Amino acid sequence: MRSFTSVGGPEDHATTLSVWGGPKTLFEEVTLETHRGVQRESAGGRRQREAWEAGAWTSLRSGRPPPRRAAPAAAALPQVMTMSDMARDRMAHSLKKRTSVSSLSSHDFRRKGPHGRAKDSVSTVSYMDDPSQHDDASHLTVQMENTYQMGPTKRFPVAIVNRILKDVLTNYLQEEQYEAELCRQLTKTISEVIKAQVKDLMVPRYKLIAVVHIGPRTSQSILIGSRCLWDPKNDTFSSYIFRNSSLFALANVYAVYFE
Amino acid sequence: MEEYHRPCDEVGFNADEAHNIVKECIDGVLGGEDYNQNNINQWTASIVEQSLAHLVKLGKAYKYIVTCAVVQRSAYGFHTASSCFWDTTSDGTCTVRWENRTMNCIVNVFAIAIVL
């Protein structure tokens, strides 16, 4: 597994954190990247914590920087800012507890580019590496009011999302050859791009999970499966597999209705 | 109309607990086995179903998505990334990587809170 031994140090994860808020809804975005490697236990967790506190970057960022969406912090509602602090602290707190491979160790907070399509929402970017903002309100969770709705007003458009997945994968991967470092970056980039495009569909009250797998087309065999425990009336998923001569890519988007 | 207040015994998703549960499920299904094309379907299905069943037994108010990828060990790599748009105070994820002599297994668990 030559491509993985070259990456030493903390766990190979990246996180981006941003808050997309509107008058009624408030969600946080989290991007996680994992790749196959040896399971690491507490030593990795300790390294991860140190790297995180130092705001260190791992060698993941050596490849070409993925395109980022903008995060204009304009006219943030007071609740939005509180939420982002609270959420960030919660995230910080929950991350510090994790010593297994599921935790995060590097920070990816560069977001540039125009993002102006959401009319009634604000977007802010918060960094993972400032533990100084400790708020007592961080332990409170947001209490949601009753919506009195029986179901979603707009259903998740599976066919449109299928097309989005197809377009994104084809555009990014049509001419590419499988290379370890490049594909590492590409998986993260593509998952973020997919999430951004599906968010732009503005389907209200849906939480999104975009998962991307990329691997080489060699004689090895792979099977990828998933099961979901959810409400099948409202929740759904969308999937697309892309193949070219040297690699394959699978993109899944799970949409979970927030009742 | 009264609001239902969730019991505040634990806020957020407990990734360690999920990690242990999933690791046990994988050990149970794949432990001591070699990569076998004929069984692989059945193995992934068992891993995913057992993980889900155990997660549900925790009794928490969560929706779960469990993804499992099993790859034959070779000189080549394999990349997975995920990007999530959710409420980070209540939702969470956990990834378990497992390997033996002939294969690698990656299981992702995503948990999304239900507000009752």
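Which side chain meets that of B:Lys63 in a salt bridge? In this predicted model, the partner is A:Asp235, with a distance of 2.9 Å from N to O.

**View 1. The side chains of B:Arg101 and B:Asp34 form a salt bridge in chain B.** The N to O distance for B:Arg101 and B:Asp34 is 3.1 Å. Because B:Arg101 sits in the loop between strand E3 (92–99) and strand E4 (103–113), and B:Asp34 in the loop between helix H1 (15–30) and helix H2 (40–57), the pair ties together parts of chain B that are 67 residues apart in sequence. B:Arg101 counts as exposed, with 64% relative accessibility, whereas B:Asp34 is partly exposed, with a relative accessible area of 38%.

**View 2. A salt bridge between A:Arg163 and A:Asp167 lies within helix H4 of chain A.** The side chains of A:Arg163 and A:Asp167 meet at 3.9 Å, N to O, which falls within the 4 Å cut-off for a salt bridge. Both residues are in helix H4 (residues 158–173), where a spacing of 4 residues separates A:Arg163 from A:Asp167 by about one helical turn. A:Asp167 is partly exposed, at a relative accessible area of 35%.

Notes. Residues are numbered from 1 along each chain as its sequence is written. Chains are lettered from A and ligands numbered from 1 in the order in which they are written. This is a predicted model: local features need pLDDT of at least 70, side-chain atom pairs count only at pLDDT 80 or more; totals for chains, interfaces and linings use all residues. Side-chain values use heavy atoms; hydrogens and water are left out. Helices (H or I, at least four residues) and strands (E, at least two) are DSSP runs, numbered from the N terminus. Buried means under 20% relative accessible area, exposed over 50%, partly exposed in between (1.4 Å probe, protein chains only).
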